[in-house]
Amino acid sequence: MFEQVKDALVESLNIDGEEIKLESNLKDDLGIDSLAAVELSLDLETEFDVEISDEELAALVTVEDIVKLIESKQ
């Protein structure tokens with residue numbers, strides 16, 4: 001699942017895949033701002049066929065949080 005999320009981050013936000021670790025902080029390490037987060041959530045919803053609420057999106061801090069959220073919805 002991590003590799004799929006990593007690929008989605010690379011594709012959605014043009015981030016170098018080498019920078020993405022499970023413990024990477026979305027804002028501090030990867031530079032994802034609120035607009036990029038919304039774009040990412042839409043891409044994740046499409047990629048994984050899940051729905052991510054605004055509250056869930058706001059609670060995401062690390063790449064691992066994204067992985068856990070998607071796993072919990074599948």
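A crossing of two helices is left-handed if the near helix is turned anticlockwise from the far one by less than a right angle, and right-handed if clockwise. That term returns below. The model here is predicted: local features need pLDDT of at least 70, side-chain atom pairs count only at pLDDT 80 or more, and totals for chains, interfaces and linings use all residues. Residues are numbered from 1 along each chain as its sequence is written, and side-chain values use heavy atoms, with hydrogens and water left out.

Start with the whole span. UniProt lists residues 1-74 for "domain: Carrier", in an unreviewed entry. UniProt positions follow the numbering used here, feature names are shortened, and annotations may be inferred rather than shown by experiment. The span of residues 1-74 is 59% helix and 0% strand. Its end C-alpha atoms lie 11 Å apart. Helices (H or I, at least four residues) and strands (E, at least two) are DSSP runs, numbered from the N terminus.

Now take helix 1, residues 2-13. Helix 1 packs with helix 2 at an angle of about 130°, and their axes are 10 Å apart. Helix 1 is therefore oblique to helix 2. Angles under 35 degrees count as roughly parallel, over 145 as roughly antiparallel, 65 to 115 as roughly perpendicular, and the rest as oblique. Axes are lines fitted to C-alpha atoms, for helices over the stretch in contact, and angles run from 0 to 180 degrees between N-to-C directions. The crossing of helix 1 and helix 2 is right-handed.

Which residues meet there? From helix 1 come Gln4, Val5, Ala8, Leu9, Ser12 and Leu13. From helix 2 come Ala36, Glu39, Leu40, Asp43, Leu44 and Phe48. Contact means heavy atoms within 4.5 Å. By class, the contact of helix 1 with helix 2 has 8 nonpolar, 2 polar and 2 charged residues. Ala, Val, Leu, Ile, Met, Phe, Trp, Tyr, Cys and Pro count as nonpolar, Asp, Glu, Lys and Arg as charged, and the others, Gly among them, as polar.

Helix 1 has another partner, helix 4 (residues 63-73). Their axes come within 10 Å and cross at roughly 115°. This crossing is right-handed. Phe2, Val5 and Leu9 of helix 1 make the contact with Val63, Ile66, Val67 and Ile70 of helix 4. By class, the contact of helix 1 with helix 4 has 7 nonpolar, no polar and no charged residues.

Next, look at serine 34, in helix 2 (residues 34-48). UniProt places "modified residue: O-(pantetheine 4'-phosphoryl)serine" at Ser34, in an unreviewed entry. Is serine 34 buried or exposed? Serine 34 counts as exposed because its relative accessibility is 61%. Buried means under 20% relative accessible area, exposed over 50%, and partly exposed in between (1.4 Å probe, protein chains only).

Asparagine 14 is in the loop between helix 1 and helix 2. Asparagine 14 has a positive phi of about 55° although it is not a glycine. It is exposed, at 71% relative accessibility. Aspartate 28 lies in the loop between helix 1 and helix 2, and is exposed at 62%. The C-alpha atoms of aspartate 28 and threonine 62 are separated by 9.5 Å, though 34 residues apart along the chain.

Aspartate 49 is in the loop between helix 2 and helix 3 (54-59). Aspartate 49 has a positive phi of about 55° and is not a glycine. At 70% relative accessibility, it is exposed. Serine 53 is found in the loop between helix 2 and helix 3, and is partly exposed, at 26%.
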